[in-house]
Amino acid sequence: MTPRNRAAANRRPKAGDGPNGKQMQLAGFTQEGTAQLTTNQGLHIPDNHNSLKAGVRGPTLLEDFILREKITHFDHERIPERAVHARGSAAHGYFEVYKSMSQFTCADFLQDPAQKTPVFVRFSTVAGERGSADTVRDVRGFAVKFYTREGNYDLVGNNVPVFFIQDAMKFPDLIHAVKPEPHHAMPQAASAHDTFWDFASLMPETTHMLMWAMSDRAIPRSYRMMEGFGVHTFRFVNARGESHFVKFHWKPKLGVHGLAWDEAQKIAGKDADFHRRDLWDAIENGDFPVWELGVQMIPQDKEHSLGFDLLDPTKLIPEELVPVQKIGRLVLDRNPDNFFAETEQVAFHPGHVVPGIDFSNDPLLQGRLFSYTDTQISRLGGANFHELPINKAVCPFHNFQRDGMHRQTIARGQVAYEPNTLATGAEYRVDGESGGFQSYPEAIDAPKVRRRSASFDDHFTQARLFFNSQSTAEKEHIVAAFRFELSKLEVPAIRQRMVDNLAHVDEKLARRVAEPLGIGAPDAKAAAGRPGFRDHRIASAIEESPVLRMVDTGDGSIKTRKIAILVADGVDSASLKPIRDALESAGAVCKVVGPRLGTVASASKRQIDVDATFANMPSVMFDAVLLPAGKDGATAMAQNGDAVHFVLEAFKHCKAICAVGEGVQLLSTLGVTADSDAPVGVVVAPTPVTNLGDTTAATDIATAFIAAIAKHRHWDRPGVDAVPA
Ligand code: HDE
């Protein structure tokens, strides 16, 4: 809970108060804010506790239309969840372009830096159901609805720039394979099961995306710390009708950061809403997340210049080949008022484009253009979902579509067709007008075939590029992720097939993955002999692309990072305060965590407020830990199993830790003392600094700690595997 929410909850609510303290109309409350409960027809309900009965102990009467209305509405509260991307969180914000893009596109919202276009952005996991946990290993959806003056434009992307398959025909198979297995509906929100890897190992075109899915990108620290990608190649078209192919990127200001796998799994149990809460809290606190929109543009006549096919959605365009130009920024600054009405009912569609943006012939994109409206008709109960407030265009829209379930618009008059003369007396005809949306007139003269282009026949070069571009620690995480996932399979032949495929990415990677799995050595030849295998290598000059790494990304700040300050009775408040102040001035969010809620008494008998307990906010909820000085406090915590576990776990997850004076006791099981060399990312303040009234010492310690936190994690910290946490 944010300070603002807490203050609101602690005061007596007034009728009509919104969740953020705003006045708003609530169901059951009149607009004026008087708490008069009514039926859906507006009839005043004087008693909302008792049904109508024949005598106080008698049966309920069928006549009770008030009870019937209430229960009937409740019975129909649920709508089908999204077939994929069911679990999501969203926020409102705006987009602004840095300078006019008129040279490349006539899209109105990309012309004027003074114009702010409202947006609604929904982040999601793919495989899990609506109530599943946020921190599972999965790709994340990154869907942006721009409410432009020319109609809604949806950029419906993911946090990974490529996809598992090359053709929409395989999408239902892919999703059936990754979803819980149909006979027993397990496992939930996880790819670590036989059907997914059976499919993946038989479809080597998945290999590149598998590398991303096994990387820390698939366990993000926060939605605010993920990149977004349009994935497919789209098209910009300018006022002269000239086309450039374009790839879209969202680059987060806070950098790209992941969790440790052990941590992600624990968070799933401790706080299934971890990412939802993180986004909500940041916006409530005024820490508005920001992404820059980047584009890679390729002139129409350079379509074949890349050495691979830009229509193939399993390929990215290395930034070394075509640089990303940052053209604008997205800011999320308002939480939704109502989860169902907005986050749940929002309907995205990659086919919602505006003049100046058009499609390519990517066969995956082409399939998506059909799917989204189709699925929304069944999910949102009919063809009129565009009238829901969250989906409604902000510019006027009018056409002759009529009626259907849940129609809101009251179309007036006699005429519901075109051409007509009866509407105004003059002939009205829309038949080849200029302006508006014009499809790019790409010339196509080709035989109808149910085949794939030979230019899609390289499944491994970019998987290799991705792997080669990772830091040592990131490579280790990929190895560990493959091992974990494949170890969950019950059919060893699937494991074997998978490592055989991996041998075409990197021999050593395949061998290391295979080692603990109880299978034979990877057999590259066996993989090459299987149907579906394509290794017609593309000519690529790019062996390594540093931007594909996550390490050292971001602005180097510690803004919004969560720091636990561990306390117990006897803590030295003088060593705590200046460091806390420095962390908060740098934008971090500090929480005091102790053995119980309420307060603890400092060594100097001051009462220190405790925000959370070792048990209810364990270390996995934080980015870093501060262990203040104070003999009695440190001794009490060293004897408290939850406190010791807190620190060991933070150490194991490679987080920054700062121990001041006696606080170092909590690191003694790790062999860290005031006199030993501190492990990477651990700051130990020299003893005896028990009173940091000495501001220079406090500033030095805080500066070192802030630098350690800014690194995000110290993945290369030695010995973490041996830590029992
Ligand atoms: Fe989607 N996808 N998808 N997808 N997708 C849906 O539409 C589909 C694909 C993506 O927050 C569904 O309204 C097909 C790629 C996001 O509401 C559905 C194919 C990318 C979201 C659908 C793809 C995405 C969806 C389910 C292959 C990244 C969530 C509910 C041809 C570029 C949007 C819905 C939100 C949702 C179909 C592949 C991103 C079933 C057929 C590639 C972010 O229509």
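1. W291 touches F123, F142, Y223, R224, M226, W250, K251, P252, G328, R329, L330 and L332, leaving aside residues up to four places away in sequence, where contact means heavy atoms within 4.5 Å. This is a predicted model, in which local features need pLDDT of at least 70 and side-chain atom pairs count only at pLDDT 80 or more, while totals for chains, interfaces and linings use all residues. Residues are numbered from 1 along each chain as its sequence is written, and side-chain values use heavy atoms, with hydrogens and water left out.

2. W291 sits in strand β8 (residues 290-299), and is buried with a relative accessible area of 0%; buried means under 20% relative accessible area, exposed over 50%, and partly exposed in between, with a 1.4 Å probe and protein chains only. Helices (H or I, at least four residues) and strands (E, at least two) are DSSP runs, numbered from the N terminus. The side chain of W291 reaches the backbone oxygen of M226 at 2.9 Å, and the C-alpha atoms of W291 and E227 are separated by 8.1 Å although these residues are 64 residues apart along the chain.

3. Around the ligand there are 22 residues, of which R82, R122, S371, Y372 and Q376 come nearest, a residue being near if one of its heavy atoms lies within 4 Å. An N or O atom in the side chain of R122 is 2.7 Å from an oxygen atom of the ligand, whereas a polar side-chain atom of S371 lies 2.9 Å from a ligand oxygen atom, and for a polar side-chain atom of Q376 the distance to an oxygen atom of the ligand is 2.9 Å. The elements giving two or more residues to this shell are β3 (140-148), β4 (151-158) and α9 (363-379), and the largest share, six residues, comes from α9.

4. Helix α15 (residues 573-585) has S573, S575, L576, I579 and L583 buried. These residues cover an arc of only 145° around the axis, and therefore lie on the same side of α15; the arc is that of the directions from the helix axis to the C-beta atoms. Their packing partners are β11 (562-566), β12 (589-594), β14 (607-610), β16 (624-627) and α18 (695-710). Just after α15, G587 takes a positive phi of about 100°.

5. Helix α10 (residues 461-468) is mostly covered, with seven of its eight residues buried, and what covers these buried residues includes α5 (207-213), α11 (472-487) and α13 (507-514).

Notes
Polar contact = N/O pair within 3.5 Å; in protein donor to acceptor, adjacent residues only side chain to side chain.
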